[in-house]
Amino acid sequence: MTLSIIAAVAANGVIGKDGKIPFYLPKDLERFKCITKSSPVVMGHRTFNTFAGLLPDRINIVMTKDQEFSAKGVLVVHSLAEMYETIALLKADEVFIIGGAKLYHDTIGRAERIYLTSVIQEYEGDTVFPAINQEEWDVLLVRYFNDHYFTILERKDTVHKIDLDMKHCSGEELQLGFDMIPKSVRYDPRSAEIIGAYDKYVPHGRR
Ligand SMILES: NC(=O)c1ccc[n+]([C@@H]2O[C@H](COP(=O)([O-])OP(=O)(O)OC[C@H]3O[C@@H](n4cnc5c(N)ncnc54)[C@H](OP(=O)(O)O)[C@@H]3O)[C@@H](O)[C@H]2O)c1
């Protein structure tokens with residue numbers, strides 16, 4: 001089972017403001033749906049409260065210390081240890097940590113993959129993504145869109161078994177954009193911003 005983080009992060013590291021995501025990227029939301037569909041998703045109680053209900057077609061796991069909390073169709077866990085035990089029992093290929101900041105901070109040390117949307121603009125906010133230690137991650141893919149980069153990072157020394165063309169994502173919007181073949185990519189650990197030189201820009205699908 002691969003433990004993956006999926007997040008959208010502003011250029012200054014911000015991921016949330018007043019309990020909401022301060023930017024709206026329709027293509028990224030579509031990509032989020034497509035990548036996480038059919039897989040278990042784990043979220044903090046605050047993030048769960050931002051949704052109108054369950055994320056459909058996925059096992060929804062919510063973390064809270066509140067022993068009284070329950071919601072229809074939700075698997076509730078009360079500690080990190082209980083969360084790791086629960087996801088191991090699910091026997092899924094991939095489990096996604098979908099936020100918020102507390103969950104990202106607590107799990108980034110164990111995650112093997114990060115699907116990272118780096119928003120080009122800075123936003124004001126009150127919650128930030130944790131620092132990414134570039135020494136620990138391989139950059140598998142960088143795809144440029146008008147207002148964001150979509151990147152996939154995998155922990156060094158893991159066996160890469162990911163479909164980088166994301167053939168399971170069928171929407172045309174997801175397939176647009178430009179692949180950037182990383183040459184000497186590094187991450188600004190504070191903002192998760194990609195800084196680097198690229199060999200070439202390849203229109204997706206024409207490699
Ligand atoms: N940009 C993105 O990709 C993205 C994605 C998701 C969320 N967000 C944003 O992130 C913000 C929310 O982040 P957040 O850090 O404030 O909240 P959060 O991580 O969503 O939820 C925190 C809550 O989860 C529970 N929790 C967390 N760790 C726990 C643990 N180890 N054991 C038991 N319960 C635990 C606690 O709930 P109780 O208080 O009930 O005990 C805690 O108060 C929002 O603004 C949201 O919109 C952004």
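**Entry 1: R143**

I began with R143, which I found in strand β9 (residues 137-144); helices (H or I, at least four residues) and strands (E, at least two) are DSSP runs, numbered from the N terminus. I noted that residues are numbered from 1 along each chain as its sequence is written. I also noted that this is a predicted model, in which local features need pLDDT of at least 70 and side-chain atom pairs count only at pLDDT 80 or more, while totals for chains, interfaces and linings use all residues.

Is R143 buried or exposed? I counted it as buried, because 21 other C-beta atoms lie within 10 Å; the rule is that a residue is buried with 20 or more other C-beta atoms within 10 Å of its own, exposed with 12 or fewer, and partly exposed in between, the C-beta atoms being placed from the backbone. I then looked up T117, which is 26 residues from R143 along the chain, and the two C-alpha atoms are separated by 9.5 Å.

**Entry 2: the whole protein**

I listed five helices and 14 strands in the protein, and of its 207 residues 31% count as buried.

**Entry 3: strands and core**

I looked at pairing next, where two strands pair if DSSP finds at least two bridges between them. β1 pairs with strand β6 (residues 94-97) in the parallel sense over four bridges, and β3 pairs with β6 in the parallel sense over two bridges. I97 of β6 is the bridge partner of I5, and I97 is also the bridge partner of V42. On β3 I also found strand β4 (residues 60-63), paired in the parallel sense over four bridges, with M63 of β4 as the bridge partner of G44.

In a regular strand the side chains alternate between the two faces of the sheet. In β3, I saw V41 and M43 pointing one way and V42 and G44 the other way, all of them buried.

Which residues have the most contacts inside the largest nonpolar core? They are A7, V9, I15, V42 and I97, in a core of 36 residues, to which β1 gives the most, with five residues. Such a core is a set of buried Ala, Val, Leu, Ile, Met, Phe, Trp, Tyr and Cys residues joined through C-beta atoms within 7 Å.

**Entry 4: the ligand**

I found 28 residues around the ligand, of which G16, G44, T47, G99 and G100 come nearest; a residue is near if its C-beta atom, placed from the backbone, lies within 6 Å. The elements giving two or more residues to this shell are β1 (2-9), β2 (14-16), β3 (41-44), α2 (45-50) and α4 (101-107).

In helix α1 (residues 26-36) I marked D28, R31, F32 and T36 as buried. They lie on the same side of α1, because they cover an arc of only 110° around the axis, the arc being that of the directions from the helix axis to the C-beta atoms.

Most residues other than glycine have a negative phi, and most peptide bonds are trans. I noted that S38, in the loop between α1 and β3, has a positive phi of about 75° although it is not a glycine, and that S38 is exposed, with 11 other C-beta atoms within 10 Å. D18, in the loop between β2 and α1, has a positive phi of about 50°, and D18 counts as exposed, with 9 C-beta neighbours inside 10 Å. Finally, I found a cis peptide bond joining G99 and G100, with omega about 0°; G100 is in the loop between β6 and α4.
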